[in-house]
Amino acid sequence: MADTTGSDMKPDSFMSEKSAKIFVAGHRGLVGSAIVRKLQESGFTNLILRTHSELDLTNQNDVESFFSTEKPAYVILAAAKVGGIHANNTYPADFIAVNLQIQTNVIHSAYTHGVKKLLFLGSSCIYPKFAPQPIPESALLTGPLEPTNEWYAIAKIAGIKMCQAYRIQHKWDAISGMPTNLYGQNDNFHPENSHVLPALMRRFHEAKANDAEEVVVWGSGSPLREFLHVDDLADACVFLMGRYSGFEHVNVGSGVEVTIKELAELVKEVVGFQGKLVWDCSKPDGTPRKLMDSSKLASLGWTPKVSLRDGLRQTYDWYLENVVQKKQ
Ligand SMILES: NC(=O)C1=CN([C@@H]2O[C@H](COP(=O)(O)OP(=O)(O)OC[C@H]3O[C@@H](n4cnc5c(N)ncnc54)[C@H](OP(=O)(O)O)[C@@H]3O)[C@@H](O)[C@H]2O)C=CC1
Ligand SMILES: C[C@H]1O[C@H](OP(=O)(O)OP(=O)(O)OC[C@H]2O[C@@H](n3cnc4c(=O)[nH]c(N)nc43)[C@H](O)[C@@H]2O)[C@@H](O)[C@@H](O)C1=O
C-alpha cells in the first residue's frame with residue numbers, strides 16, 4: 001500500500017534528463033504555455049506538443065495511438081476545460097464530462113505506455129465551500145462543495161484519486177498539484193467565460209478606450225481570492241516534477257489574498273481607468289474565501305516570486321501588445 005504521508009517514492013532524475021521526451025498537454029493555454037517557457041529556460045530540449053485540433057484528448061483511441069507512437073518519458077497535464085464562475089455555472093455537463101475524459105485518457109495511456117512520471121493539475125475549488133482557512137491538503141472531501149463549480153471540482157477530485165489509485169496498484173509515479181486562482185500572459189480574456197482578473201482587465205481597458213463613466217463588476221465585491229502569477233505556478237510545476245513523489249496532492253498558492261473589490265481597484269489603477277465601479281449583485285459571489293495553506297510546498301523549498309501588482313502590470317503590458325495591438 002502507498003505511504004499516505006507522501007514520501008513513498010524517491011523523486012526521480014527529471015532535472016538531469018534535459019533531452020527526455022516531455023509531453024506538455026494544453027501547451028497553448030495559460031498554464032501550459034508558461035510551463036513550456038519554464039522548461040525551455042531550464043534547458044529541456046525535447047518537448048512534445050500537440051494542439052487541440054492535432055490531438056483531441058477526449059478521444060480515447062487518438063490518445064492511445066499518440067502515446068503508443070511518441071512514448072514520452074514525462075507528462076505534465078495542463079489541458080482541461082477551464083473557465084470562470086459564469087462558465088462553470090452555465091456549462092456543468094461540459095465541465096464534468098470533458099475534464100473526466102481528458103484526464104482519464106491521458107493518465108491511463110501514460111501509465112500503459114511507460115511514462116515515468118505524470119503531474120496532474122487540479123484547482124483550489126476541490127475543497128469544501130466552508131473549509132478551514134488557510135485550507136490544508138487534508139481538507140479534501142470533508143464537506144460540501146461550492147455549487148457554482150462542483151461539477152468541475154468533482155472531475156478534478158477524480159483526477160487526484162486516479163493518480164493515487166495508480167500509485168497504489170501499479171507503483172506508478174503520478175503526482176497532483178492544486179493551484180490557486182491564476183493569471184498572466186495567454187490568459188482567456190473572454191467577457192463572460194473568463195476568470196475575474198482577465199475579465200476586469202479587458203472591461204476596464206475597453207471602458208477607458210471608450211471614455212465610459214462606469215464599469216460593472218459582478219457580485220458583492222466581498223469574496224476573497226488568492227492570486228498566483230502563472231510564471232510562479234510553472235516554476236512550482238517543474239520543481240514538483242524534480243523534487244516531489246508523494247501520494248498526497250500539493251497546494252500551490254501565493255499566500256496573499258484580496259477581496260474582489262480590492263482586486264477591482266488594483267486593476268482599475270493599473271489600467272488607468274478614471275470612472276467608477278458598479279456592482280451587479282445578480283451575479284454569483286461563489287465561494288466566500290479560498291486561501292490555500294501552501295506550507296507543505298514551502299517546506300519542500302519552493303516559494304513564489306511575483307507580487308500581484310507587478311504581475312498585473314506585466315499582464316496588462318502583454319494584453320496591450322498581444323491582444324489590443326493585434327486587433328488594430
Ligand atoms: N486558470 C486558472 O485560474 C486555474 C487553472 N488551473 C488548472 O490549470 C490547468 C490549465 O488551465 P489553463 O491553462 O488556465 O486553461 P486554458 O483554457 O488556458 O488552457 C487549456 C488548454 O487545454 C487545451 N484543451 C482543452 N480541451 C482539449 C482537448 N479536448 N484536447 C486537447 N487539448 C485541449 C486547450 O486547447 P484549446 O484552447 O485549443 O481548446 C488549451 O490549450 C487546468 O487543469 C486547470 O484546472 C487550476 C487553478 C486555477
Ligand atoms: C480558479 C477557479 O475559478 C472559478 O472560481 P472563482 O474563483 O469563483 O472564479 P472567478 O474568477 O470567475 O470569480 C471570482 C470572483 O470574482 C467575481 N467577479 C467580479 N467580476 C467578475 C467578472 O467580470 N468575471 C468573473 N469571472 N468573475 C467576476 C465573481 O463573482 C467571483 O466572486 C471556478 O469556477 C473554478 O474554475 C476555479 O477553480
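Asp 231 is partly exposed, with a relative accessible area of 29%. That value, like the others in this talk, comes from a predicted model. The residue sits in helix α7, which covers residues 230-243. Setting aside neighbours within four places in sequence, Asp 231 is in contact with Ala 34, Arg 37 and Gln 314. With Arg 37 there is also a polar contact between the two side chains, at 2.8 Å. One further distance for this residue: its C-alpha atom is 15 Å from that of Asp 317, which is 86 residues away along the chain.

Now another acidic residue, Glu 70. Is Glu 70 buried or exposed? Its relative accessibility is 18%, so Glu 70 counts as buried, the cut-off being under 20%. Glu 70 belongs to helix α2, residues 60-70. Beyond the residues up to four places away in sequence, Glu 70 touches Lys 21, Ile 48 and Arg 50. The side chains of Glu 70 and Arg 50 are joined by a polar contact of 2.8 Å.

Next, the strands. Strand β3 is made of residues 74-77, and both of its faces are covered. On one side are Tyr 74 and Ile 76, on the other Val 75 and Leu 77, and all of them are buried. Which strands does β3 pair with? One is β1, residues 22-25, which runs parallel to β3 and is joined to it by four bridges. Within that pairing, Ile 76 of β3 has Val 24 opposite. Another is β4, residues 117-121, also parallel to β3 and also joined by four bridges. There, Tyr 74 has Lys 117 as its bridge partner.

Ligand 1 is surrounded by 25 residues, and the closest are Val 31, His 52, Asp 56, Tyr 152 and Lys 156. For Lys 156, a side-chain N or O atom is 2.7 Å from an oxygen atom of the ligand. The backbone takes part as well: a polar backbone atom of Leu 57 is 2.9 Å from a nitrogen atom of ligand 1, and a backbone N or O atom of Leu 182 lies 3.0 Å from an oxygen atom of ligand 1. On its own, ligand 1 has 900 Å² of accessible area, of which the protein covers 84%. Helices α1 (30-41) and α5 (150-170) and strand β6 (181-183) each supply at least two residues of the shell. By class, that shell has 13 nonpolar, nine polar and three charged residues.

Ligand 2 has 22 residues around it, the closest being Ile 85, Ser 123, Arg 203, Pro 284 and Asp 285. Where do polar atoms of the protein lie relative to its oxygen atoms? A polar side-chain atom of Ser 123 is 2.4 Å from an oxygen atom of ligand 2. For Ile 85, a polar backbone atom is 2.7 Å from an oxygen atom of the ligand. Lys 290 has a polar side-chain atom 3.2 Å from an oxygen atom of ligand 2. The accessible area of ligand 2 on its own is 690 Å², and the protein covers 98% of that. Elements giving two or more residues to this shell are α3 (85-90), α6 (196-209) and β7 (214-218). The largest share, three residues, comes from α6. The shell divides into 10 nonpolar, eight polar and four charged residues.

Note on methods: Residues numbered from 1 in each chain as written. Chains lettered and ligands numbered in written order. Predicted model: local features only at pLDDT ≥ 70, side-chain atom pairs only at ≥ 80, totals over all residues. Heavy atoms only, no water. Buried < 20%, exposed > 50% of the residue type's maximum accessible area, 1.4 Å probe, protein only. Pairing = 2+ DSSP bridges. Near = heavy atom within 4 Å. Polar contact = N/O pair within 3.5 Å; in protein donor to acceptor, adjacent residues only side chain to side chain. Areas by Shrake-Rupley, 256 points an atom, 1.4 Å probe, with all protein chains shown as cover. Nonpolar A, V, L, I, M, F, W, Y, C, P; charged D, E, K, R; others polar. Contact = heavy atoms within 4.5 Å.
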